[in-house]
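Hi,

Here is the structure I promised to pass on. Please have a look at it first; my notes follow below.

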Amino acid sequence: MSSDLVIVGGGILGLWAAKYAADAGLSVILVDYKLCGRGGSNGVLGALAPHLPDSNNEKKQFQWRALDELPALIGKLEVATGLVTGYGQTGRLMPIRVEGFANRMQRCVAGASEHWQMKQRQYRFEQVDVQGFEDWINPAMAPMGLAYDTLSARAAPRLLTAALKASLEGTVEIIEDFVYGQFLEEAGLVMSRCGTRSIKTDRVILAAGYETYGLVKELTRQDLGHGIKGHSALFRLPGVADLPALYDNGVYVVPHGDGTVAVGSNSQKDWHSADEVDEDQCSGFIERARELCPRLKNAQLLERWAGVRPRSFAKEPIVGALGDSERVHVLTGGFKISFGIAHRLAQALVERLTWAEQQISLPASYEVAYHLADARKDGRGVWGSNR
Ligand SMILES: Cc1cc2nc3c(=O)[nH]c(=O)nc-3n(C[C@H](O)[C@H](O)[C@H](O)COP(=O)(O)OP(=O)(O)OC[C@H]3O[C@@H](n4cnc5c(N)ncnc54)[C@H](O)[C@@H]3O)c2cc1C
């Protein structure tokens with residue numbers, strides 16, 4: 001078995017990378033030890049929410065452009081596969097409760113008119129009255145009105161990964177029972193962890209979610225990140241699909257197109273099982289979501305879900321080559337915003353791999369060198385971690 005490129009991990013990042021690499025003409029094998037899309041990307045929340053436009057920097061710009069690209073990109077994906085992804089650019093409402101936030105919102109209004117004039121559309125950020133949304137958001141939570149933006153969107157994570165996987169049919173070989181162990185660079189061999197299976201290849205992309213950090217540590221002796229567990233929940237609540245998502249102080253309420261509303265989430269640094277649901281961990285954010293959106297009080301709870309997000313210690317995604325040979329590449333660390341930026345991260349990496357004439361430039365803080373320098377500065381080698 002051989003290919004130009006092996007991608008390890010069939011989550012949202014690995015699937016987009018496989019798509020861009022195959023479109024660029026590379027032969028690609030995608031390996032996962034689970035079914036694709038069943039890791040951290042198998043959640044229910046699907047909020048695609050922009051950084052606030054009260055200031056502008058290369059990281060924010062990267063994300064805003066990524067969100068602006070999605071409607072067209074997902075439209076093409078849906079046409080090509082005949083599958084829906086649950087994508088909708090339905091906006092977001094945030095209650096304004098304190099003076100400081102109200103002032104920040106005013107800076108966002110001004111910032112959006114300057115920075116949100118994008119390739120596809122001009123997006124708005126504005127202050128709106130709670131009247132008109134009283135059925136959707138608790139008016140008592142918004143004494144100073146609401147902030148509303150039109151760049152926020154939603155997608156159904158499971159549908160999106162399924163559509164991406166379907167789009168690879170016939171162009172990418174997918175092996176879903178392969179546990180990646182190591183890449184023997186000189187021999188050009190990807191070895192399974194048990195050592196009994198191998199794939200001949202020139203290059204490897206490690207897109208193994210939070211497990212990428214362990215694989216990188218074996219190669220660099222540096223700790224670049226860890227997995228943060230989280231829970232979300234899904235309710236049946238038909239008739240609200242076109243309403244904006246709600247966000248308040250870490251809690252999201254996201255209406256989806258199939259008559260469900262997702263809420264989330266919590267964060268746990270310490271955890272034992274990646275996908276075991278702990279009901280106690282859900283009660284806090286579900287209660288707060290019900291306070292924010294009283295209609296959820298009578299809605300049927302369909303599912304609680306748990307998964308692990310990849311988070312780099314430098315708090316940014318990691319994209320690029322590890323080492324001078326440029327044969328092992330890393331693609332991970334989207335933490336809470338992966339679904340909105342995964343395609344652009346993957347495209348940027350594939351453009352580098354294929355020495356494309358035009359290349360998306362990545363924020364400096366996404367580069368591997370930045371993360372390695374951050375780890376050295378903090379003394380996060382194999383001899384101990386200070387986090
Ligand atoms: C509760 C919760 C809510 C979230 N909400 C949102 C949200 O609203 N919006 C948003 O954008 N993001 C959200 N996220 C974050 C997002 O889901 C993740 O950041 C994203 O799914 C990570 O994608 P990934 O492709 O990097 O990793 P994963 O989806 O985890 O994929 C990695 C894959 O690699 C495979 N793998 C690992 N090691 C190996 C190996 N050695 N060999 C072979 N295969 C391997 C795994 O089986 C897995 O399938 C949320 C996450 C959680 C936990």
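For the counts below, Ala, Val, Leu, Ile, Met, Phe, Trp, Tyr, Cys and Pro are taken as nonpolar, Asp, Glu, Lys and Arg as charged, and the others, Gly among them, as polar. Bear in mind that this is a predicted model.

Ligand shell. The ligand is surrounded by 42 residues. Gly9, Gly11, Gly39, Gly209 and Gly230 are the closest. By type, the shell holds 20 polar, 16 nonpolar and six charged residues. At least two shell residues come from each of α1 (12-23), β12 (225-236), β16 (300-312) and α7 (338-353). Domain 1 (2-41 + 159-224 + 314-377) and domain 2 (229-308) both contribute to the shell, so the ligand lies between them.

Sheet. Eight strands make an open sheet with mixed pairing. Their order is β5-β6-β4-β13-β14-β15-β12-β16. β5 (125-128) and β16 are at the edges with a single partner strand each, so one side of each has no neighbour in the sheet. On average, neighbouring strands are turned by 20 degrees against each other, direction ignored. Inside the sheet, β4 (residues 92-95) and β13 (residues 245-248) run parallel and are joined by two bridges. Leu93 has Leu246 in β13 as its bridge partner.

Glu279. This residue lies in helix α6 (residues 279-292). Is Glu279 buried or exposed? Glu279 has 10, so it is exposed. Glu279 and Tyr87 are 192 residues apart in sequence, and 28 Å apart in space, C-alpha to C-alpha.

Best wishes

Notes. Residues numbered from 1 in each chain as written. Predicted model: local features only at pLDDT ≥ 70, side-chain atom pairs only at ≥ 80, totals over all residues. Near = placed C-beta within 6 Å. Helix = DSSP H or I, 4+ residues; strand = E, 2+ residues; numbered from the N terminus. Domains from an automatic or database assignment. Buried ≥ 20, exposed ≤ 12 C-beta atoms within 10 Å, placed from the backbone. Pairing = 2+ DSSP bridges. Axes fitted to C-alpha atoms, helices over the stretch in contact; angles between N-to-C directions.
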